[in-house]
Amino acid sequence: MGNFCISVIYLILTFLLTLLCFKRYGKYGIYIWMCVSVLICNIQTIKISEIFGMTISLGNISYGAIFLSTDILSEKYGRDSTKTAINLSFFTMIIFTILMQIFLQYQPNSVDVSQKSLETIFNYMPRITIGSLTAYYCSQMCDAKVYSFLKKKYNKVWISNNGSTFISQILDTLIFVTISFFGTMSNRDLFFLILTMICCKFIIAILDTPFMLLVTKMKNKELD
């Protein structure tokens, strides 16, 4: 129950921070927030926990805030701004990964106590890194395109928000799990891993709907 309460608090906090970045700094705030969030969720995803008997990666909530961010950009500024944010955050993730790999090549001093911990966190397996990068870019582009399509077709925020997020989260999970884990476990375990991740992401996507509806009524400050 403790993990569940922490998850609820963390989810509300990250979604409120998303809205705060938009309210205070407009699309530029969302650009920065997406770059920060993509780094946070890629570090958090290493930690595995359990909620109500379901094994989950703790990066999912922060990842959900990224999809909320792209939907805000799609709703308020259109696809061009959304693509800019996706490209910036994708570039940030690549640069961060490369720089940390170079950083880890320093030979630690005999009194150093951080090397092993840093290697555990930042020395990602190449296969998982490729899976994460590919899934992120493809799913975010999909989210932007589907949101734009649903907005033109139905002009209902809750349909555009949930529809685009559901579809892109399925794509994200399929790409990431297939690239990262195919051949390392049985097809049955692979299927249940995909199913569990999708269910968790769907719940988070539904919970971000009230925040998305709130955004449509917000006025924000823009930077020159």
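Phenylalanine 202 is partly exposed, at 23% relative accessible area, where buried means under 20%, exposed over 50% and partly exposed in between (1.4 Å probe, protein chains only). This is a predicted model, in which local features need pLDDT of at least 70, side-chain atom pairs count only at pLDDT 80 or more, and totals for chains, interfaces and linings use all residues. Residues are numbered from 1 along each chain as its sequence is written, and side-chain values use heavy atoms, leaving out hydrogens and water.

The ring of phenylalanine 202 pairs with that of phenylalanine 166: the centres are 4.5 Å apart and the planes at 35°, so the pair is tilted. Rings of Phe, Tyr and Trp (its six-membered ring) pair if their centres lie within 6.5 Å; planes under 30 degrees apart count as stacked, over 60 as edge-to-face and the rest as tilted. Phenylalanine 166 lies in helix α6 (residues 157-181) and phenylalanine 202 in helix α7, 36 residues apart. Helices are DSSP runs (H or I, at least four residues), numbered from the N terminus.

The structure holds 11 aromatic pairs. In one of them, phenylalanine 103 and tyrosine 106 have ring centres 6.1 Å apart and planes at 70°, so this pair is edge-to-face.

The largest nonpolar core has 36 residues. Such a core is a set of buried Ala, Val, Leu, Ile, Met, Phe, Trp, Tyr and Cys residues joined through side-chain atoms within 4.5 Å. Helix α1 gives the most to this core, with 11 residues. A second, separate core of 8 residues includes Phe176 and Leu190.

Key: Helices (H or I, at least four residues) and strands (E, at least two) are DSSP runs, numbered from the N terminus.
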